[in-house]
Amino acid sequence: MKPSPFEYSAPASLEEALEVLAEAGSGAKVLAGGQSLVPLMNLRLAAPEHLVDLNGVGSLSEIRADDGGLAIGAMARQSTLERSTLVEELVPALAHAASHIGHFQVRNRGTVGGSLAHADPTAELPMILLAAGGRVTVQSKARGARAVEANDLVRGYFTTAIEPDEILTEAWFPRLEGAAGWSFQEVARRHGDFALVAAATVVRLDGDTVADAVIALAGVADRPVRAAAAEELITGEAPSAALAEHAADAVRGELSPTGDVHASSEYRREVAGVLVGRALSEAAQRAQAGS
Amino acid sequence: MGKAAITLTVNGAEADGLVEPRRTLADFLREDLALTGTKLGCEQGVCGACTVLLDGQAVRSCLLFAVQAQGASVTTVEGLAASEDFDALQKAFSDNHGLQCGYCTPGVLMTTRALLDTLSSPSENEIREALSGNICRCTGYHGIVEAVKELTAAQA
């Protein structure tokens with residue numbers, strides 16, 4: 001198999017990359033780790049006229065504590081999330097979820113920015129960004145830098161708010177602080193496969209009751225979504241197995257996932273409920289342990 | 001859409017090429033350098049047959065363009081065959097029936113090499129997780145896992 005012919009640019013700086021991208025027009029694509037784009041090109045489902053390769057832009061790989069959270073350069077490899085003590089300390093859910101992305105050979109190349117910009121509805125990282133309430137920075141030559149909040153980033157299947165002349169340069173995740181706990185749950189046919197359903201929760205306690213909760217899901221819609229009704233249901237209540245089960249039922253009620261060859265709509269809905277139940281219990285336990 | 005001149009290190013020796021940007025590293029290795037030990041299965045990053053080491057890290061050579069390997073060091077199964085401890089690798093896979101048709105074997109060996117380089121005494125779970133990115137349709141994996149367990153036990 002061979003991709004369609006394309007022009008190839010390997011800029012050495014972000015400024016140069018933005019300039020090349022602006023000149024190349026809408027037929028151009030940014031190449032990060034290539035673990036999603038190149039399969040699509042090999043299958044000729046994607047045929048960009050021009051690839052702007054960011055692998056030579058060393059400044060985009062930094063991971064640092066910033067603004068009460070964790071800033072991750074777009075070209076940071078997914079495998080570095082698993083090994084970074086800073087990630088484990090500030091956003092543990094991210095380190096944990098990263099180990100579920102593909103296989104380690106894929107994570108050695110796959111990047112944080114690439115996964116967020118690709119916006120696969122079953123992908124782990126856009127869901128974690130949503131659950132954490134993070135944001136990304138995108139830049140263009142014409143308009144400079146702007147921030148896009150997690151809930152504005154993904155607009156549908158493989159579609160984001162990023163314009164053709166923009167590059168996602170950094171993702172920012174707020175630090176999990178205080179009496180808060182997290183959980184990440186995923187069901188896939190085999191380890192390393194695309195998730196059928198994945199769930200991420202954050203539960204913050206105020207004394208014995210839930211001050212606020214976030215329930216995010218992947219694989220149940222055209223983008224990562226939050227289960228708002230279930231979140232509201234448990235806020236102000238004391239965490240318990242019964243409450244988690246009650247929330248799980250609410251999740252089953254508010255979702256209408258699309259079925260496909262991998263799993264039916266009914267199965268995804270059922271699994272989403274089960275995973276949310278488990279994820280709320282685990283997050284509440286972690287919050288209690290940490291408070 | 002002209003061709004680009006590239007220079008990289010393949011199995012310790014300098015390799016030059018003149019390639020279209022769309023030429024994958026796997027095709028460059030197999031067709032331009034005649035290193036056909038690296039196999040192509042799915043060409044979409046799933047099967048693992050094309051796994052090589054890029055600057056010491058296991059990657060899919062079907063998902064990299066040869067132009068991206070400019071200046072890098074690539075190790076293929078042919079390079080592994082020239083390494084000091086290859087006899088042990090070969091013997092472990094042979095003794096444990098870690099292959100049948102052999103098509104997936106080069107990729108499995110490169111994954112095994114990367115695993116042995118990163119973890120000194122991996123658990124069976126870690127071995128199975130590392131190998132989960134290499135599809136084998138013959139062995140049922142049991143012999144492969146046994147071979148890798150024997151190697152890691154010898155290394156520990």
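**Helix contacts, sheets and domains in a predicted model**

Analyst: In helix α4 of chain B, Val108(B), Thr111(B), Thr112(B) and Leu115(B) meet Glu126(B), Ile127(B), Ala130(B) and Leu131(B) of α5(B). By kind, the residues of this contact of α4(B) with α5(B) are 5 nonpolar, 2 polar and 1 charged. The model is predicted, so local features need pLDDT of at least 70 and side-chain atom pairs pLDDT 80 or more, while totals for chains, interfaces and linings use all residues. Residues count from 1 along each chain as written, chains are lettered from A and ligands numbered from 1 in the order written, and side-chain values use heavy atoms, without hydrogens or water.

User: What makes residues of α4(B) and α5(B) "meet"?

Analyst: Contact means heavy atoms within 4.5 Å. The residues named above in α4(B) and α5(B) are in such contact.

User: Why are some residues in the contact of α4(B) with α5(B) called nonpolar, others polar or charged?

Analyst: Ala, Val, Leu, Ile, Met, Phe, Trp, Tyr, Cys and Pro count as nonpolar, Asp, Glu, Lys and Arg as charged, and the others, Gly among them, as polar. Glu126(B) therefore counts as charged. Thr111(B) and Thr112(B) are polar.

User: Why is α4(B) called oblique to α5(B)?

Analyst: Take the angle. The axes of α4(B), residues 105-118, and α5(B), residues 124-131, come within 10 Å and cross at roughly 135°. That makes α4(B) oblique to α5(B). The cut-offs: under 35 degrees is roughly parallel, over 145 roughly antiparallel, 65 to 115 roughly perpendicular, and the rest oblique. Axes are lines fitted to C-alpha atoms, for helices over the stretch in contact; angles run from 0 to 180 degrees between N-to-C directions.

User: What makes the crossing of α4(B) and α5(B) right-handed?

Analyst: The turn decides. A crossing is right-handed if the near helix is turned clockwise from the far one by less than a right angle, and left-handed if anticlockwise. α4(B) passes α5(B) in a right-handed crossing.

User: Why are α5(B) and α6(B) called oblique to each other?

Analyst: The axes of α5(B) and α6(B), residues 142-155, come within 10 Å and cross at roughly 125°. α5(B) and α6(B) are therefore oblique to each other. This crossing is right-handed too. The residues of the contact of α5(B) with α6(B) are 5 nonpolar, 2 polar and 3 charged. Among them, Ile127(B) and Leu131(B) of α5(B) meet residues of α6(B) that include Val145(B) and Val148(B).

User: How do you know that β1(B) and β2(B) pair?

Analyst: Count the bridges. Two strands pair if DSSP finds at least two between them. β1(B), residues 4-10, and β2(B) have 7, in the antiparallel sense. Ile6(B) has Gly17(B) as its bridge partner. Ala5(B) stands opposite Leu18(B). In their hairpin, with 2 residues between the strands, Asn11(B) takes a positive phi near 50°.

User: How many bridges join β1(B) to β5(B)?

Analyst: There are 2, and these strands run parallel. That meets the pairing rule. Thr9(B) stands opposite Ser73(B) in β5(B).

User: What makes β2(B) and β4(B) edge strands?

Analyst: The open sheet has 5 strands in the order β2-β1-β5-β3-β4 of chain B, with mixed pairing. β2(B), 13-19, and β4(B), 57-60, each pair on one side only. Neighbouring strands are turned by 40° against each other on average, direction ignored. α4(B) lies across β3(B), β4(B) and β5(B), at about 40° to β3(B).

User: What makes these elements helices or strands?

Analyst: They are DSSP runs, numbered from the N terminus: helices are H or I with at least four residues, strands E with at least two. In chain A, 3 strands form an open sheet, β1-β3-β2, with parallel pairing. The edge strands are β1(A), 7-9, and β2(A), 28-31. The twist averages 20° from one strand to the next. β1(A) pairs with β3(A), 50-53, over 3 bridges. α1(A), 14-24, lies across β1(A), β2(A) and β3(A), at about 170° to β3(A).

User: How do you know where the domains of chain B lie?

Analyst: The bounds come from an automatic or database domain assignment. Chain B has domain 1 (4-79) and domain 2 (88-155). Their C-alpha centres are 22 Å apart. The contact takes 16 residues from domain 1 and 11 residues from domain 2 of chain B. Chain A is assigned domain 1 (7-51), domain 2 (62-174) and domain 3 (180-290).
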